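Good morning, and thank you for joining.

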Amino acid sequence: MRIIKTKNYDEMSRYAANIIAAEIIQKPNCVLGLATGETPEGIYKRLVQLFKQGDIDFSSVSTVNLDEYKGLERTDSHSYYSYMHNRLFKHVNLNEKSINIPDGTQRDVKKACEEYDKCIQDLGGVDLQLLGLGHNGHIGFNEPSDRFIAKTHCVNLSSSTREANSRFFSSVHDVPMQAYTMGILNIMKAKKIVVVVNGENKADAVRESFFGSITPKVQASILQVHPDVTVVADEAALSKCKF
Ligand code: GLP
């Protein structure tokens with residue numbers, strides 16, 4: 001695991017965007033695993049800039065997103081599809097057919113999960129997976145638990161996660177109770193993983209995830225055994241780690 005300490009959020013975003021841009025340049029038909037949340041917003045802005053100045057081309061890239069709220073239509077402004085569309089997809093030359101996000105409207109949980117696992121498999125797996133980090137150490141929507149769940153599944157969101165994500169909704173009551181998320185094996189199978197974290201309020205999660213013991217109580221801790229993980233974190237997020 002490589003840990004890159006950046007001065008601030010902006011430097012973190014540029015650094016991580018450059019890693020993703022390098023992947024696209026080196027493998028134009030790469031499969032990018034993408035994440036939502038506030039943390040990657042700066043990365044998407046930078047990738048759009050790099051695209052507009054002609055440095056990267058998304059025409060052969062495929063994307064798979066980590067997760068989606070269950071029950072939300074793609075067109076719902078709170079869906080992760082809308083998040084991705086507004087921040088990245090509509091600004092670059094990605095082929096609409098190459099964009100993959102779990103179907104939040106699928107009520108048949110087994111079908112939704114199996115279809116998403118098959119979609120990832122048919123693409124030949126993820127080349128580079130971008131991850132944010134939840135305050136409780138979650139990745140995707142893999143919440144603290146007594147086990148790691150391998151594949152795509154439907155998860156009951158913890159109250160702390162719903163509370164944390166309520167800033168994107170009018171109130172916490174509007175945050176869906178469930179979501180579809182890639183599982184830990186889906187994530188661990190990615191060839192490269194880039195985790196981005198910023199802010200002092202993630203410092204405990206960073207210490208427990210990357211410097212603590214490996215436990216499903218802190219789902220991100222499993223990343224310690226992946227062969228190619230780069231954590232790009234700002235000074236504040238690393239403030240509780242000695243290294
Ligand atoms: C959500 C997403 C995660 C994300 C996390 C942290 O729960 N499902 O993929 O990493 O939030 O979000 P933020 O970057 O807004 O702190």
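Helices (H or I, at least four residues) and strands (E, at least two) are DSSP runs, numbered from the N terminus. In those terms, Ser-166 sits in the loop between α5 and β8 (178–181). Before I continue: this is a predicted model, in which local features need pLDDT of at least 70, side-chain atom pairs count only at pLDDT 80 or more, and totals for chains, interfaces and linings use all residues. Residues are numbered from 1 along each chain as its sequence is written, and side-chain values use heavy atoms, with hydrogens and water left out.

Is Ser-166 buried or exposed? Buried means under 20% relative accessible area, exposed over 50%, and partly exposed in between (1.4 Å probe, protein chains only). Ser-166 has a relative accessible area of 14%, so it counts as buried. A polar atom of its side chain lies 2.6 Å from the backbone oxygen of Glu-163. Beyond its neighbours within four places in sequence, Ser-166 is in contact (heavy atoms within 4.5 Å) with Ser-171, Val-172 and Val-175.

I turn to charge. The structure holds 14 salt bridges, each being a side-chain nitrogen of Lys or Arg within 4 Å of a carboxyl oxygen of Asp or Glu. One of them joins Arg-2 to Asp-228, with the closest N and O atoms 2.6 Å apart. Arg-2 lies in strand β1 (residues 2–6) and Asp-228 in the loop between α7 (203–211) and β10 (229–234), so this pair ties together parts that are 226 residues apart in sequence.

Another salt bridge is formed by Glu-23 and Lys-192, whose closest N and O atoms are 2.4 Å apart. Here Glu-23 belongs to helix α1 (residues 9–26) and Lys-192 to strand β9 (residues 192–197), 169 residues apart. Glu-23 is buried at 7% relative accessible area, whereas Lys-192 is partly exposed at 28%.

Which charged residue is buried yet has no salt bridge? That is Asp-67, for which the nearest side chain of opposite charge, Lys-202, is 12 Å away. Asp-67 is placed in strand β4 (residues 67–69), and its side chain reaches the backbone nitrogen of Phe-141 at 3.5 Å.

Conventions:
Lys, Arg positive; Asp, Glu negative; His and termini not counted. Polar contact = N/O pair within 3.5 Å; in protein donor to acceptor, adjacent residues only side chain to side chain.
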